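Subject: Structure handover

Hi,

Here is the structure I promised to pass along. Have a look at it first, and then read on for my notes on what turned up.

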Amino acid sequence: MAESIRVRVPPQLPSPNPKICCNRATNCCSAPLILANLANFTKSAAPARFIYFNHDGLWIDFENEVLESLKPAFLDGKAVIEMSFRESRYLFDFTRMLQIDFDSGIQRSIAWIDVNGKCFFPKMFVREDSGDNLEEERLSNRKIEIEVNIDGNSIKRKREEFRDKEEPEVTSSKKEEDGLKRQRLGMRDVGNCRWLNTRVFKEEEKSYSPVKNYFLSGMKKIDPDVVITAIHQCTRKGLSGEARQEVFLKQIEITKAARGVSNTVYAWYGAPAKEVESILAHGFGGPRKVSAGETYGVGVYLSPFGLPHMSAKFAEADDNGEKHIILCRVILGNVETVVAGSQQYYPSSIDFDTGTDDPKNPKWYVVWSSVMNRHIIPECVVSFKSSINVPGQVRGSTHTKYSLEKLFSKLRSWLPPEKIQEVAKLYDVYRAGKLTKNIFIRHLRGVAGDYVLLSAIREIRSSE
């Protein structure tokens with residue numbers, strides 16, 4: 001049996017400008033780097049070992065307990081998994097090849113060796129002692145030495161050219177840096193705490209970056225100009241807050257005892273400001289109301305950690321033009337598939353705890369109303385401003401008004417005939433005065449989807 005593994009990386013050649021270092025927010029979540037690391041996740045066979053990059057510049061083998069927890073999730077195709085180990089909570093992101101301490105925000109790179117002996121390393125290494133400095137490794141011109149200790153005997157082998165030639169090279173982007181500067185200028189005063197039993201996350205805090213990065217990487221799929229205005233962390237002070245946390249932690253223990261694992265994940269819940277305020281003060285009050293074509297049972301709908309834009313469509317702009325989305329911890333337990341259009345409102349059998357539209361590639365988690373405040377606990381609230389300001393009128397990112405007739409004309413090239421008919425019927429009901437504009441726009445978003453609407457608007461704008 002192999003007892004340990006260490007991977008030595010030769011020192012990087014000095015940079016032409018030693019003052020320049022890669023920044024986590026700009027490079028670690030850049031599209032080329034994510035695509036490069038995603039290729040590792042999709043091409044790999046079953047992992048035989050997981051390793052991490054430590055402060056000494058060595059790749060060290062994870063303990064078997066961590067391996068046994070990560071391997072099933074990896075084989076199920078789960079891109080992100082949350083787990084607790086030695087009284088700490090971690091996020092393991094296979095697509096970014098990162099391990100993140102959710103409480104401290106410290107990150108470090110992870111890699112793996114599959115059952116075929118093939119090694120998969122990230123294109124950029126993050127040391128565990130500093131979540132802010134990244135070391136870009138240009139592997140095509142370097143050798144990495146892997147030392148495996150087996151029964152006290154050392155066996156060495158070398159691997160070259162871990163990077164496929166066709167994969168994009170990661171470089172610093174001035175455009176991305178400028179975007180982050182604009183976001184920082186849009187941050188509200190940190191002393192302004194809007195929500196009950198919360199505190200404002202400061203941008204320099206280490207726990208701020210994981211939340212910000214995951215939110216923006218998901219939202220920018222549909223809204224490249226989205227800007228975070230504040231992030232509030234739930235403190236759960238007072239008897240009510242402490243009691244809610246105790247109930248949630250107890251439910252984790254109960255689910256583990258019944259199912260073997262609690263299957264606790266992070267997920268998003270978007271809502272108008274008044275509902276967010278009520279949830280933070282009293283808990284979830286009832287099931288989510290969704291359009292008939294999008295129902296997967298009657299319950300609380302939350303989108304996976306990597307899909308904040310799905311829940312963001314339920315967030316409504318307040319008087320300040322801000323929208324709000326809650327990042328929650330959710331105990332999924334055993335998850336069952338719920339068919340579209342179902343009116344199911346409790347588990348179909350005692351073998352299940354929650355529902356989803358697709359267990360392998362979920363867009364929605366559905367927590368039944370009877371257990372919602374035992375299985376869901378808010379962690380923080382992300383407030384943001386979006387260029388998709390649907391209530392009132394449909395707008396593009398330049399806030400130009402577009403006629404609905406022109407929009408419908410463009411939608412014909414984006415939607416199938418049955419969807420076009422549904423949109424036409426919806427418009428007829430609106431013109432007859434049976435729907436308010438806000439409700440009409442909300443239903444239109446439900447039928448067409450934000451991505452399609454935004455794409456159609458961009459086509460109109462480019463043709464003018």
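Ser 88 has a relative accessible area of 19%, and because the cut-off for buried is under 20%, Ser 88 goes down as buried. Before I go further, please keep in mind that this is a predicted model. Ser 88 is in strand S6. Setting aside neighbours within four places in sequence, its contacts are Met 83 and Asp 101. There is also a pairing across the chain here: Ser 88 and Asp 103 are 15 residues apart in sequence, with 7.7 Å between their C-alpha atoms.

Now the overall picture. The protein chain has 464 residues, and 50% of them are buried. Its secondary structure consists of 13 helices and 22 strands. If you take the contacts with a separation of 6 or more, 68% of them are between residues 24 or more positions apart.

On to the nonpolar cores. The largest one contains 29 residues, and Phe 50, Leu 70, Phe 92 and Phe 94 have the most contacts inside it. Two or more residues each come from strands S3 (47–53), S4 (58–61), S5 (80–85), S6 (88–93), S8 (107–114) and S9 (119–120), and from helix H3 (64–75). H3 gives the largest share of this core, with 5 residues. A separate core of 25 residues includes Leu 98, Ile 100, Met 219 and Ala 312.

Beyond its neighbours within four places in sequence, Phe 92 touches Phe 62, Val 66, Leu 70, Ala 79, Val 80, Ile 81, Met 83, Leu 98, Gln 99 and Ile 110.

Two backbone entries for your list. Met 97 has a positive phi of about 55°, although Met 97 is not a glycine. You will find Met 97 in the loop between S6 and strand S7 (98–101), and with 0% relative accessibility it counts as buried. Asn 263 is another non-glycine residue with a positive phi, near 55°. Asn 263 sits in the loop between helix H6 (238–259) and strand S16 (264–271).

S16 brings me to Tyr 269, which is in that strand. How buried is Tyr 269? Its relative accessible area is 1%, so Tyr 269 counts as buried.

Another polar pair involves Ser 386. The side chains of Ser 386 and Asp 223 form a polar contact of 2.6 Å. Ser 386 belongs to the loop between strand S22 (376–385) and helix H10 (404–411), and its relative accessibility of 9% makes it buried. Once neighbours within four places are left out, Ser 386 is in contact with Asp 223 and Lys 323.

How many disulfides does the structure hold? The count is 0. Cys 119 is buried, at 4% relative accessibility. Cys 234 is buried too, at 10%. The cysteine sulfur nearest to that of Cys 234 belongs to Cys 380, 6.8 Å away, and Cys 234 is in no disulfide. A disulfide here needs sulfur atoms within 2.5 Å, so that is the cut-off to hold the distance against.

Last, a helix pair. Helix H11 (residues 417–431) packs with helix H12 (residues 437–448) at about 175°, and the axes are 10 Å apart. H11 is therefore roughly antiparallel to H12, since angles over 145 degrees count that way. On the H11 side, the residues that meet H12 are Lys 419, Glu 422, Val 423, Leu 426, Tyr 427 and Tyr 430. Their partners in H12 are Lys 437, Phe 440, His 443, Leu 444 and Val 447.

Over to you!

Cheers

Methods: Residues numbered from 1 in each chain as written. Predicted model: local features only at pLDDT ≥ 70, side-chain atom pairs only at ≥ 80, totals over all residues. Heavy atoms only, no water. Helix = DSSP H or I, 4+ residues; strand = E, 2+ residues; numbered from the N terminus. Buried < 20%, exposed > 50% of the residue type's maximum accessible area, 1.4 Å probe, protein only. Polar contact = N/O pair within 3.5 Å; in protein donor to acceptor, adjacent residues only side chain to side chain. Contact = heavy atoms within 4.5 Å. Core = buried A, V, L, I, M, F, W, Y, C linked by side-chain atoms within 4.5 Å. Axes fitted to C-alpha atoms, helices over the stretch in contact; angles between N-to-C directions. Parallel < 35°, antiparallel > 145°, perpendicular 65-115°, else oblique.
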